[in-house]
Amino acid sequence: MKIDREKLGRALKVLRKQYGLTQQDVAEEIGVTKNFVSLIETGERGVSVDTLSELARLYKMPLPCLISLGYEVSKRSPWHGVLSSLNAAILDLAELEAVEA
């Protein structure tokens, strides 16, 4: 499995919006620039484990769950369905967490 930067970026954008945050809010919270957040969300820039850790803390989820949102798996792989379901569940739980926050 590999991480697809665009897929991870789209997931991070969904999480940010679920929490009602702007790119500037996220940037200030994790210590980067708004432009950097934008580049991550569009998949134009990779993201370090340290930054992913800060994002996981911000979105109140374990780091492996956050990283899994970017996994790219062949549709023929037996893991494809499992990861698709897992990622949908992670985003649903994050939405619930955001509403409660």
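**Close-ups of a predicted model**

**View 1. Helices α2 and α3 cross at roughly 110°.** In this predicted model, the axes of α2 (residues 23–30) and α3 (residues 34–41) come within 8 Å. Angles of 65 to 115 degrees count as roughly perpendicular, so that is how α2 sits relative to α3. On the α2 side, the contact is made by Q23, Q24, V26 and A27; α3 brings K34, V37, S38 and E41. Sort the residues of this contact by type and you get 3 nonpolar, 3 polar and 2 charged.

**View 2. The largest nonpolar core has 23 residues.** Those with the most contacts inside the core are L12, L15, V26, L55, Y59, L66 and L69.

**View 3. Zooming in on L66 and its contacts.** Set aside the neighbours within four places in sequence, and L66 is in contact with L8, L12, L15, L52, L55, A56 and M61. L12, L15 and L55 also turn up, with L66 itself, among the core residues with the most contacts.

**View 4. Y19 and Y59 make up the structure's 1 aromatic pair.** The pair is tilted, with 5.3 Å centre to centre and 55° between the planes. Y19 comes from the loop between α1 and α2, while Y59 comes from the loop between α4 and α5; the two are 40 residues apart, so the pair links distant parts of the chain.

How values were computed. Residues numbered from 1 in each chain as written. Predicted model: local features only at pLDDT ≥ 70, side-chain atom pairs only at ≥ 80, totals over all residues. Heavy atoms only, no water. Axes fitted to C-alpha atoms, helices over the stretch in contact; angles between N-to-C directions. Helix = DSSP H or I, 4+ residues; strand = E, 2+ residues; numbered from the N terminus. Parallel < 35°, antiparallel > 145°, perpendicular 65-115°, else oblique. Contact = heavy atoms within 4.5 Å. Nonpolar A, V, L, I, M, F, W, Y, C, P; charged D, E, K, R; others polar. Core = buried A, V, L, I, M, F, W, Y, C linked by side-chain atoms within 4.5 Å. Buried < 20%, exposed > 50% of the residue type's maximum accessible area, 1.4 Å probe, protein only. Phe/Tyr/Trp six-rings, centres within 6.5 Å; stacked < 30°, edge-to-face > 60°.
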